Amino acid sequence: MEGQYHSIESFGTVDGPGIRFVLFLQGCPMRCLYCHNPDTWSFFQGKRITVETVVNQVLKYQAYLKNGGVTVSGGEPLRQVPFLIELFTELKKHHIHTAIDTSGILFDQNNVSLFDDLMKVTDLVLLDIKAYSESAHLKLTGQSNKNILAFAKYLSQKNVPVWIRYVLVPGLTDDHHEMIAVRQFIETLPNVQKIEVLPYHSMGEKKYEALGIRYALKGVKEPDETLIAEAERILVYGKR
Ligand code: SF4
């Protein structure tokens, strides 16, 4: 089976535990204002790669990945669930830790059995919660968060290990009520093992220029240590 991908990072250190082989799949229906990979959005670009080729590449690095594993990120990986199932099934034959880095936007409650099959071979889900309220989520991403919250609940019911990630942007995602609402939602999910606050950075801006897409966050500063600590106090430590 072939997947449609954007790029590969052989030694990733920020997308799950340990050193990881990271496969970035192509295509995402979200339009997060802070996205630093707008080049992964298009459903019509990217390259094709077979499961066999990915597995052979991973095996070359297996000695380095023993405390890490493989993460499939994007773009939005849940756009290619059958590919993920086949890839992860092969990787599990080699006892390799598997993770998905997803927004959850393409979770389909009418096709749960497909996701059940995926979760049988998935060790960890890195789930971005971008906002809790529907209005804030729409403004930030252009999409409703109904599927995302439903996916979080589904993962909780299945007791799949989850790390939650929250991108902190000054003036955009640093509202206290919103962060408290996200934290309260996370508290209903006993399967969450870790909560990470990811400080916004503007490194993607040049990609927008190159693609001819307006960069909505032009001039927005990266969060300072005080703001990061405040967000962690609420989201990670649950202090109000
Ligand atoms: S979900 Fe991820 S890839 Fe898609 S727009 Fe948002 S940040 Fe970018």
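**Exercise 1. With which residue does D101 form a salt bridge, and how far apart are the closest N and O atoms?**

First, some ground rules. This is a predicted model: local features need pLDDT of at least 70, side-chain atom pairs count only at pLDDT 80 or more, and totals for chains, interfaces and linings use all residues. Residues are numbered from 1 along each chain as its sequence is written, and side-chain values use heavy atoms, with hydrogens and water left out.

Step 1. Side chains of opposite charge can pair when their charged atoms come close.

Step 2. Apply the test. A salt bridge is a side-chain nitrogen of Lys or Arg within 4 Å of a carboxyl oxygen of Asp or Glu.

Step 3. Find the partner. D101 pairs with R165, and their closest N and O atoms are 3.3 Å apart.

Step 4. Helices (H or I, at least four residues) and strands (E, at least two) are DSSP runs, numbered from the N terminus.

Step 5. Check the cover. D101 and R165 are both buried. Buried means under 20% relative accessible area, exposed over 50%, and partly exposed in between (1.4 Å probe, protein chains only).

**Exercise 2. Follow R165 to E196, then to the network around them.**

Step 1. The side chains of R165 and E196 also meet in a salt bridge, at 3.3 Å from N to O.

Step 2. R165 sits in strand β7 and E196 in strand β8, 31 residues apart.

Step 3. R165 has a relative accessible area of 5%, so R165 is buried. E196 is buried too, because its value is 17%.

Step 4. Now widen the view. D15, D101, D128, K130, R165, K194 and E196 are linked in a network of salt bridges. A search of the whole structure finds 17 salt bridges.

**Exercise 3. Where do E230 and R233 lie, and how many residues apart are they?**

Step 1. Both lie in helix α8 (residues 225-235). They are 3 residues apart, about one turn of the helix.

Step 2. E230 forms a salt bridge with R233, with the closest N and O atoms 3.0 Å apart.

Step 3. E230 has 22% relative accessibility, so E230 counts as partly exposed. R233, at 29%, is partly exposed as well.

**Exercise 4. Is strand β6 enclosed or open?**

Step 1. Count. In β6 (residues 124-128), 5 of the 5 residues are buried, so the strand is largely enclosed by the rest of the structure.

Step 2. Sort the side chains. In a regular strand the side chains alternate between the two faces of the sheet. L124, L126 and D128 point one way from β6, while V125 and L127 point the other way.

Step 3. Find the neighbours. Two strands pair if DSSP finds at least two bridges between them. β5 and β6 pair in the parallel sense over 4 bridges, with A99 as the bridge partner of L124. β6 also runs parallel to β7, joined by 4 bridges. There, V125 stands opposite V162.

Step 4. β5, helix α3 (residues 112-119) and β6 make a right-handed β-α-β unit. Right-handed means that, with the strands pointing away from the viewer, the path from the first strand over the helix to the second runs clockwise.

**Exercise 5. Which strand do 7 bridges join to β7?**

Step 1. The partner is β8 (residues 192-199), which runs parallel to β7 (residues 162-168).

Step 2. The chain crosses from β7 through helix α6 (residues 176-186) to β8, in a right-handed β-α-β crossover.

Step 3. Pick out one position. W163 stands opposite K194 in β8.

**Exercise 6. Describe the aromatic pair of F11 and Y64.**

Step 1. Know what to report. A pair of aromatic rings is described by the distance of the centres and the angle of the planes.

Step 2. Know the limits. Rings of Phe, Tyr and Trp (its six-membered ring) pair if their centres lie within 6.5 Å; planes under 30 degrees apart count as stacked, over 60 as edge-to-face and the rest as tilted.

Step 3. Read the geometry. The structure holds 11 aromatic pairs. In one of them, F11 and Y64 are 5.4 Å centre to centre with 85° between the planes, which is edge-to-face.

Step 4. F11 is in strand β1 (residues 2-12) and Y64 in the loop between α1 and β4, 53 residues apart.

Step 5. Compare a second pair. F107 and F115 have centres 5.0 Å apart and planes at 75°, so they too are edge-to-face. Both F107 and F115 are buried. By contrast, F11 is partly exposed at 41%, and Y64 is exposed at 52%.
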